[in-house]
Amino acid sequence: MSQHYHYPQRQEFAKRLVAKPVPASLKTLSLVAALVGVAVFAFGLFTNPDRAWQALHFNWLYFASVSTAGVAFAAIQRIVTARWSRPVIRFAEGFVAFVPVAFVILLAILLFSGDHIFTWAGREAVPTVEKATYLNPTFFLIRGIFFFGLMTVLQLLFVWHSVKMDVAVMPEYGAKWAAGLRAKMRAAWTGDERRELHSQHSLQGKLAVAVCIAFPIGWCFMAWDYSMSISLHFQQTMYAWIFFMGAWVNMIMLTALLSMWWRKHLDAPDLVTMDHFWDLGKLGFAFTAFIGYISFSQYLVIWYGNLPEETHFYRLRLSGVWKTMTTLIPIFGFVLPFFGLISKAAKLYLPTFVLFAVCSMIGIYLHRYIEIYPSIYGEATSLPFGLLEIGQTVGFIGLWAFSYFAFMDAFPVMRVFMMTTPFKDEVQVPVNPKTMEPLPAHE
């Protein structure tokens, strides 16, 4: 073990983290909610299989995209060697716990949903040869497994090497299910703290770049495949950007909410400070402005272009039973969080931050719904939003929370190593981990 194992600050961290596991009641509540979702889905398979699969699908799109965005955010912090985020970045890295779960759910959707979701799988003829080739069932299946599978592997590897450094220098503690994983992390630790710092930091840099490339490219294809393609006669170049940037905004909002909870739970106002909420609030505000900009840009071009293959998408959603929900999306997803978080005071007064963060999350959630359902139901006579949709949303919230808290209970909830090692500032000037000499670009 490292010669700096008894670094005083680490002992303080150990006391805080070991004494503050996630409350058992919270994990139990999460598990119950997850089981409710499973029961509602099973009920739907027998009573209305179309709605059951559709509810599963749009909820999957929301939770899977937000989860992968969390790890991509952590990867960006590594690429820029950010120091401000060290106390809170593990709260975002914990999103990775749901990613393999989401991969399993995606396999179920791809293998068993059939034409319950994707109209081109049997209900509606594909209009062009090119689209028919692109939506070939085998190619469609392989594409989904490749992109989300690659994203899953890269993100798990990235978080593994981040967590590894903290596990190696902390006393053994955590959920029993991960004891073997923690033992493997320690077994791979050489004990030379400075060399390990630079070795892991260098490897994480490479993985971070891969994660940040896979996230937007993967979600471009998956947004086209699992959202836009349901409307066979619609295509728009900004669609994928709006999709994954919506997930990005909600990831920042959720990270802020979780940071508030962890700050209170760990009684750590000296570690998770108000400056962190100001920074997260600024990021949330900035990306809310960005998604508002690209969404309006798409709408404006479609409006003045007046091309039938594009205008029908918005015309349908701004009429009939879809109009109210479509109108709520810019209100919750842009107007309230944008004007609500525009001031510094709103970011630093936590109740207002919570309010507008929740508004943003509701807005993007409704956006995911309205992307999918009108393309399937067309000019419906009643809004298909009820028990199956709400019940499965409750289930996804429970499953996501249970996965997240299981991960956070198993590993250190903060980047202890990077916050306490005497060499922590050396990563600002990268070195060759073999020779420990500065790399040429930084000499």
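**The ring cluster and its surroundings**

Mentor: F58, Y62, F63, F98, W322, Y365, Y369, Y373, Y377, F385 and F396 are linked into a cluster by ring pairs. Rings of Phe, Tyr and Trp (for Trp, the six-membered ring) form a pair if their centres lie within 6.5 Å; planes under 30 degrees apart count as stacked, over 60 as edge-to-face, and the rest as tilted. The model is a predicted one, in which local features need pLDDT of at least 70 and side-chain atom pairs count only at pLDDT 80 or more, while totals for chains, interfaces and linings use all residues. Residues are numbered from 1 along each chain as its sequence is written, and side-chain values use heavy atoms, with hydrogens and water left out.

The confidence of the prediction may be stated next. pLDDT, the predictor's confidence in each residue from 0 to 100, has a mean of 91 over the chain, and 96% of the residues reach 70 or more. Over residues 1-6, pLDDT stays under 50, and the model has 16 contacts (heavy atoms within 4.5 Å) beyond four places in sequence for them.

W322 is located in the loop between α12 (308-317) and α13 (323-340); the helices are DSSP runs of H or I with at least four residues, numbered from the N terminus. With a relative accessible area of 1%, W322 is buried. Buried means under 20% relative accessible area, exposed over 50%, and partly exposed in between, for a 1.4 Å probe and protein chains only. Leaving aside residues up to four places away in sequence, W322 touches L316, R317, Y369, I370, Y373, P374, Y377, G378, A380, L383 and P384. By contrast, the C-alpha atoms of W322 and L258 are separated by 32 Å, the two residues being 64 places apart along the chain.

A nonpolar core is a set of buried Ala, Val, Leu, Ile, Met, Phe, Trp, Tyr and Cys residues joined through side-chain atoms within 4.5 Å. The largest such core has 130 residues, of which W60, W219 and W262 touch the most other members. A second, separate core of six residues includes M228, F234, I302 and F313.

After α10 comes D267, which has a positive phi near 50 degrees.

A pair of aromatic rings is described by the distance of the centres and the angle of the planes. The structure holds 53 aromatic pairs. W177 and F411 have ring centres 6.3 Å apart and planes at 85 degrees, so their pair is edge-to-face. This pair joins distant parts of the chain, 234 residues apart: W177 is in the loop between α7 (137-169) and α8 (179-187), and F411 in the loop between α16 (387-410) and α17 (416-420). F411 is buried, at 4% relative accessible area. The pair of F290 and Y293, in turn, is tilted, with 6.3 Å centre to centre and 45 degrees between the planes. Both residues belong to helix α11 (residues 274-305) and lie three residues apart, about one turn of the helix. F290 is partly exposed, with a relative accessible area of 28%, whereas Y293, at 53%, counts as exposed.

Helix α11 also contains T288. T288 counts as buried at 0% relative accessibility, and touches V249, M253, G333, F334, P337 and F338, residues up to four places away in sequence being excluded.

Finally, some rings have a charge over them, meaning that NZ of Lys or CZ of Arg is within 6 Å of the ring centre and within 35 degrees of the ring normal. The charged end of R368 sits over the ring of F243, at 3.8 Å from its centre. R143 likewise lies over the face of F139, 4.3 Å from the ring centre.

Terms used
Helices (H or I, at least four residues) and strands (E, at least two) are DSSP runs, numbered from the N terminus.
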